[in-house]
Amino acid sequence: MAVLTGAGVSAESGIPTFRGAGGLWEGFRPEELATPAAYARDPEKVWRWYAMRYTQVMAAEPNPAHLRLAELEQRKGDGFLLVTQNVDGLHLRAGSRRVVELHGSITRARCERCGHRQPLPPPDAFTPPPVCERCGGRMRPDVVWFGEFLDAELLARAERAFMTAEVALVIGTSAVVEPAASLGRAAKASGAYLIEINPEPTPLTPLADLSLRTSASEGLKTLLPTGS
Ligand code: OAD
């Protein structure tokens, strides 16, 4: 079984989604903050935005949808992979371990010089930009920006899981950002039973075998009643 999650899964933890009313991208263009060019132009500004979001996600808690997905992994074992576009680390904090963070993590920094990754200090002890503990270089947020490639190994692992899954579950994503958006389509083309949970229709909806037009936590409760 392969699962893909997007920002909608964390909405019930109080973390805004990217698109739609109140979304993170509303009011400014992504290229002002989430691109390599923006970072080259004004690293302090980009770090301020990421530090603000880091503080926000660390103050949030995993919600019942995150917890139920961690439980599902326990039940399914080896044949299970959770691929997330979210950078908030909430799946890991909920106990999921078979996780691919396709777009990186806002809770880590990556050295611009040597590539070393390290967790950020707690928000109240954090003054950006972080300095690499290995080489002393300046570090950037360990997230994938617009115009950057995803980690090839992580993407290959995600694609393998979706192309071999009997069931693919896509939750809380607008399914418009590639290559993540194609994972559900690839699963369906390979014969998987495709389930979508989203309060709104998406480009994936016409392909889904089952569409639950509801929140992530409600949809997962319907699919996986406790104790079943
Ligand atoms: P979006 O903001 O594009 O979409 C969020 C989806 O969640 C929408 O389809 C909503 O209908 C749905 N939604 C809202 N509340 C929900 C709830 N309670 N339960 C379930 N679904 C709900 O977020 P993503 O699809 O995750 O990339 O965006 C994909 C990528 O675009 C992000 O990872 C980010 C962004 O640019 C990078 O930063 C690289």
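User: Leaving aside its neighbours within four places in sequence, which residues is Asn 198 in contact with?

Analyst: A contact means heavy atoms within 4.5 Å. By that test, and with neighbours up to four places away in sequence set aside, Asn 198 touches Gly 172, Thr 173, Leu 212, Arg 213 and Thr 214. This is a predicted model, where local features need pLDDT of at least 70, side-chain atom pairs count only at pLDDT 80 or more, and totals for chains, interfaces and linings use all residues. Residues are numbered from 1 along each chain as its sequence is written, and side-chain values use heavy atoms, leaving out hydrogens and water.

User: Where is Asn 198 found, and is Asn 198 buried or exposed?

Analyst: Helices (H or I, at least four residues) and strands (E, at least two) are DSSP runs, numbered from the N terminus. Asn 198 sits in the loop joining strand E8 (193-197) to strand E9 (210-212). With a relative accessible area of 9%, Asn 198 is buried (under 20%; exposed is over 50%, partly exposed in between, with a 1.4 Å probe and protein chains only).

User: Which residues of H6 are buried?

Analyst: Leu 155, Ala 158, Ala 161 and Phe 162 are the buried ones. Viewed along the axis of H6, they fall within an arc of 130°, so they line one face of the helix (the arc is that of the directions from the helix axis to the C-beta atoms). Covering them are, among others, strand E1 (2-5), strand E2 (81-84), strand E7 (167-171) and helix H7 (181-189).

User: Which exposed residues does the face of H6 turned away from its buried side carry?

Analyst: That face carries Ala 152, Glu 153, Arg 160 and Thr 164.
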